[in-house]
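Please look through the structure below before reading on.

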Amino acid sequence: MSFDLKAYLEAHRVIVDAALDRVLPSEEIVPVNLHRAMRYSVLAPGKRLRPTLVIAGAEAVGGAAEAVLDTACALELIHAYSLIHDDLPAMDDDDYRRGRLTNHKVFGEAMAILAGDALLTLAFRLVADNAARLADPRAVARVVADVADAAGTDGMVGGQVIDIESEGKDVGADTLEYIHRHKTAALIRVSLTAGATLAGGTPAQIDAVRRAGESLGLAFQIVDDILDVEGSLAELGKTAGSDVRKKKVTYPALLGLDASKRKARGLIDETKRLLEPLGPPAEPIRALADFVFERRS
Ligand code: GRG
């Protein structure tokens with residue numbers, strides 16, 4: 001029987017959403033508005049791809065969801081912080097995200113900045129908390145370093161900077177790939193490796209997952225570029241066509257739609273090839289890779 005991804009995604013969404021609700025500060029606790037703003041964006045309906053990849057990364061090396069749940073939440077908090085800050089007037093100046101008004105539209109710019117800051121900080125607290133669930137808590141130090149690298153100047157923030165600096169410029173394929181690998185792929189890659197590391201994967205297993213995560217992450221952003229051309233506000237939960245409006249360099253702009261789709265498909269096939277040494281336990285990651293290619297939002 002083939003792998004039931006729909007059931008897998010739904011089961012993990014339930015686990016992750018309950019954990020996010022538990023780890024986020026209550027709206028009853030001071031500073032109330034900050035906590036409201038944090039919960040508003042994180043608990044909005046997202047795909048929960050990164051936390052699901054943390055769990056799938058653990059399962060691929062024989063681990064269990066429960067043992068990596070704090071870190072799974074941490075990756076979703078970092079992702080949510082990046083979305084809040086990316087939507088700010090100083091960056092992409094977007095009004096809609098996850099089918100709702102953006103954070104700064106509801107809570108104001110200062111609170112949106114602070115909510116993002118607090119989510120990033122809480123994320124590292126959660127990775128530290130994960131030590132209590134592990135037989136060998138030393139893996140947490142490795143994961144803190146990897147997550148910091150993936151979120152920082154040699155990862156998401158670095159990619160965002162080059163993205164902003166490239167707007168309206170005639171940049172080539174190398175710069176575009178740098179942006180996508182850093183801005184988006186780094187966090188997707190580290191979601192998989194964090195799960196595999198915490199679950200006690202061998203160096204060879206973690207390396208296979210890392211390389212697969214890099215290909216998957218690049219494919220994810222190419223598909224995101226394609227959806228910005230082909231999708232709608234109703235499907236995406238955010239305004240489509242924003243890349244062209246903001247004069248952003250994208251794969252469809254550089255290669256055309258058909259070649260972009262072929263490139264994304266090739267990267268998904270590569271992801272699966274890189275996962276071969278892990279055998280059947282990596283089946284959820286393979287199914288998630290197909291989902292990344294086929295998604296409409
Ligand atoms: C502001 C530090 C900083 C970084 C911003 C990741 C990022 C860098 C910005 C987010 C904006 C964006 C459109 C990024 C590219 C792709 C991406 C990460 C899309 C959103 O991820 P999904 O589709 O969203 O997984 P959901 O809502 O389903 O979780």
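Helices and strands here are DSSP runs, numbered from the N terminus, and a helix needs at least four residues. With that naming, α9 supplies the largest share of the lining of the second largest pocket, namely 6 residues. The model is a predicted one.

The second largest pocket holds about 220 Å³ of space. Its lining is made up of 15 residues, and those that lie nearest the centre are D146, D149, R189, V190 and R210. Besides α9, the elements that give two or more residues to this lining are α7 (139-151) and α10. Sorted by class, the lining of this pocket has 8 charged residues, 4 nonpolar ones and 3 polar ones.

The next place to look is the ligand. Which residues are closest to the ligand? They are K47, R50, H79, R98 and Q221, out of 22 residues that surround the ligand. For K47, an N or O atom of the side chain is 2.5 Å from an oxygen atom of the ligand. R50 has a polar side-chain atom that lies 2.8 Å from a ligand oxygen. For H79, a polar side-chain atom also lies 2.8 Å from an oxygen atom of the ligand. A pair of N or O atoms counts as a polar contact within 3.5 Å.

How much of the ligand's accessible area does the protein cover? On its own the ligand has 690 Å² of accessible area, and the protein covers 92% of that. The element that gives the most is α4, with 6 residues. By class, the shell around the ligand consists of 9 charged, 7 polar and 6 nonpolar residues.

Last comes the protein as a whole. It contains 15 helices and 2 strands. The radius of gyration of the protein is 18 Å, close to the 19 Å that the globule rule gives for 297 residues, so the protein is as compact as a globular protein of that length. Along the principal axes, the C-alpha atoms of the protein fill a box of roughly 50 × 50 × 35 Å.

Key:
Residues numbered from 1 in each chain as written. Predicted model: local features only at pLDDT ≥ 70, side-chain atom pairs only at ≥ 80, totals over all residues. Heavy atoms only, no water. Near = heavy atom within 4 Å. Polar contact = N/O pair within 3.5 Å; in protein donor to acceptor, adjacent residues only side chain to side chain. Areas by Shrake-Rupley, 256 points an atom, 1.4 Å probe, with all protein chains shown as cover. Nonpolar A, V, L, I, M, F, W, Y, C, P; charged D, E, K, R; others polar. 1 Å grid on protein atoms, 1.4 Å probe; cavity = no way out; pocket = protein on both sides within 12 Å on 5 of 7 lines; lining within 4 Å. Points joined across faces, edges and corners; volume = space filled by probe spheres on them. Rg over C-alpha atoms; globule rule 2.2 N^0.38 Å.
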